[in-house]
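Trainee: Pick one part of this model and take me through it up close, please. Give me the cut-offs as you go, and then link that part to the rest.

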Amino acid sequence: MYYSEELIEEVRSRNDIVDVISGYVRLQKKGSSYFGLCPFHNEKSPSFSVSRQKQMYYCFGCGAGGNVFTFLMEYENFSFVEAMKYLADRAGIELPEQEYSKEAKERADLKATILEMNRLAAKYFYVQLKNERGFHAYRYLKDRQLSDEMILAFGLGYSNPYGDDLYKYLRGKGYSEELIRKAGLINTDERQGVYDKFWNRVMFPIMDVNNRVIGFGGRVMGDGKPKYLNSPETVVFDKSRNLYGLNRARTSRKPYFLLCEGYMDVISLHQAGFTNAVASLGTALTAGHASLIKRYVKEVYLTYDSDDAGTRAALRAVPILREAGISAKVIRMDPYKDPDEFIKNLGAEEYEKRIQAARNGFMFSLEMLEREFDMNSPEGKTEFFREVSRRLLTFEDELERNNYIEAVATAYRISRDSLDKMVAKTAVSAGMARPVVRPKRADGVEKKKEDGIHLSQKALLTWMIEEERLFDQISNYISPGDFTEDLYRTVAELLYEQRKEGGLNPAKILNHFTGEEEHREVASLFNTRIRELHTKEEREQALRETILKVKASGIDYQTMNLDPTDMAGLQKLMEEKRKLENLRTLHISI
């Protein structure tokens, strides 16, 4: 999909970022900016800043940042095209259809058609549940103690036992057999011909974060196999990148998700007041699931079935979550099998107690590991701790690893020094060097350590857009070539070009970048916190020192990257170095 830069900018400029974000986040004005609780990570003190002047947002806690397009793409999980359409509609701008490429239009049309078919199918299933033929399915849900309110909230329904009911309904609505097949709603074989994929099942519509039906799960009535059946993957449904109940759980203000195995567990927990429950869709937890979860919370409580299969699933999930920067705890529901059964027997208050008593994921894995060793024999116990040492080495962050070593030593009543030595010995014997650890942002994403030069360059860019009158003074001494990072230099070039054309528009610069991570980085360049300076003289001195530092590093960078045969370039740099000494006495007026 292609839109001209002029049209993108018109749509962006007609949607004030403060007005748009106010519809999602409660903002309060402080100085020239607005602050609220970040919607991308859980926090108690507002660090989420929205600037009407810059038309950008930035979170000083997790680093999320960008313009109004970025916000909708992150918060609503929109594609750029979907964000563009939403904002154009909001501003009353009609987008030209002819700007679709043929392939993009066909794909967009197919996606929209399948979403509409799924919506109609969900509505059809709900109606069937409420009529006479669906009474036994409705009775099943009521016997599971679900209220009518929850049945409606989750859009539960019933697929009739007749093999082509839904197919005939959708054909009557004008949809072709090919399209219904692409939606994953029918199957075909030589004996039966065309027949509904789901029949005689209680239906669970699967929704994306925007409450659009993207697929279905069906629980068979009776003894048929399989017990649960899910939609196949389609252009709108990827089961490894969606979670059941996320459309509701994401609005919960709790700082963690309850991760379940099944649909009924999620619905039962929501009915009991635990509105932060989600479940993977008939598949084991994947890195895609973990990445999706990380957008909303940094902690997960695994509330899987308490049988062996559930325990194994929890053990597999813990390292996947940790790899994504999410801490995991495990809830045990003994003597009951799952959250649904537990709450029916003991109630929400007792389940809350189990949450409070949840085991750290790593420590839980060690408890399960104990079962594989004879802990009553010295040999068995030693082998157990050798395996524990190997697992401790999977923690790359040295502080985190040391904290776990201490926790293990305390839990198993062994000498901290002895465990330390065993871990070190295991590392040596396995040829594992302790890795260099890079700091992480609040959302768990690893980032490079920033040195003083990069901070100075970021501070200078922030100064230039926040106090436009300083731009000309700074640009007398600093050029885009003085910025040593490719991204910084590109942003500076765009900024200088804007200034030449008449005015600064930092939010427009983001239109030149497509990646979410690039938007974060660019937003950070314009939101660097400059230390508080009380007097005019202090501010002028700080700006002067920043200009000198950036200029000196820029000259060094250009010298190192200069072609040795470029004599003109070399002479220019030598002249720049001579001028550098004069800059130490330059006058900056703030």
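Mentor: Terms first: helices (H or I, at least four residues) and strands (E, at least two) are DSSP runs, numbered from the N terminus. This is a predicted model, so to speak with some care: local features need pLDDT of at least 70, side-chain atom pairs count only at pLDDT 80 or more, and totals for chains, interfaces and linings use all residues. Numbering runs from 1 along each chain as its sequence is written, and side-chain values use heavy atoms, with hydrogens and water left out.

For reference, buried means under 20% relative accessible area, exposed over 50%, and partly exposed in between (1.4 Å probe, protein chains only).

Now the part I'd pick: helix H16 (residues 361-370). Eight of its ten residues are buried, namely Gly361, Phe362, Met363, Phe364, Ser365, Leu366, Met368 and Leu369. What do those buried residues pack against? Helices H13 (308-323), H17 (378-392) and H18 (398-411), plus strands S16 (327-330) and S17 (359-360), where contact means heavy atoms within 4.5 Å.

Look at the N-terminal end of H16 next. Asparagine 360 caps it, with a side-chain oxygen 2.9 Å from the backbone nitrogen of phenylalanine 362. That's a polar contact: a pair of N or O atoms within 3.5 Å; within protein, one must be able to donate a hydrogen and the other to accept it, and residues adjacent in sequence count only if both atoms are side-chain atoms.

Over in strand S16 you'll find valine 330, which counts as buried because its relative accessibility is 2%. Leaving out residues up to four places away in sequence, valine 330 touches Leu302, Ala358, Arg359, Gly361 and Phe364. The C-alpha atoms of valine 330 and phenylalanine 362 are 9.3 Å apart, although 32 residues separate the two along the chain.

Arginine 359, one of those contacts of valine 330, also forms a salt bridge with glutamate 367, with the closest N and O atoms 2.4 Å apart. Both partners are partly exposed: arginine 359 at 32%, glutamate 367 at 27%. Elsewhere, salt bridges with shared partners join Glu82, Lys111, Asp208 and Arg212 into one network.

Glutamate 82 is buried at 17%, whereas arginine 212 is partly exposed at 25%. The whole structure holds 29 salt bridges.

Notes. Salt bridge = Lys/Arg side-chain N within 4 Å of Asp/Glu carboxyl O.
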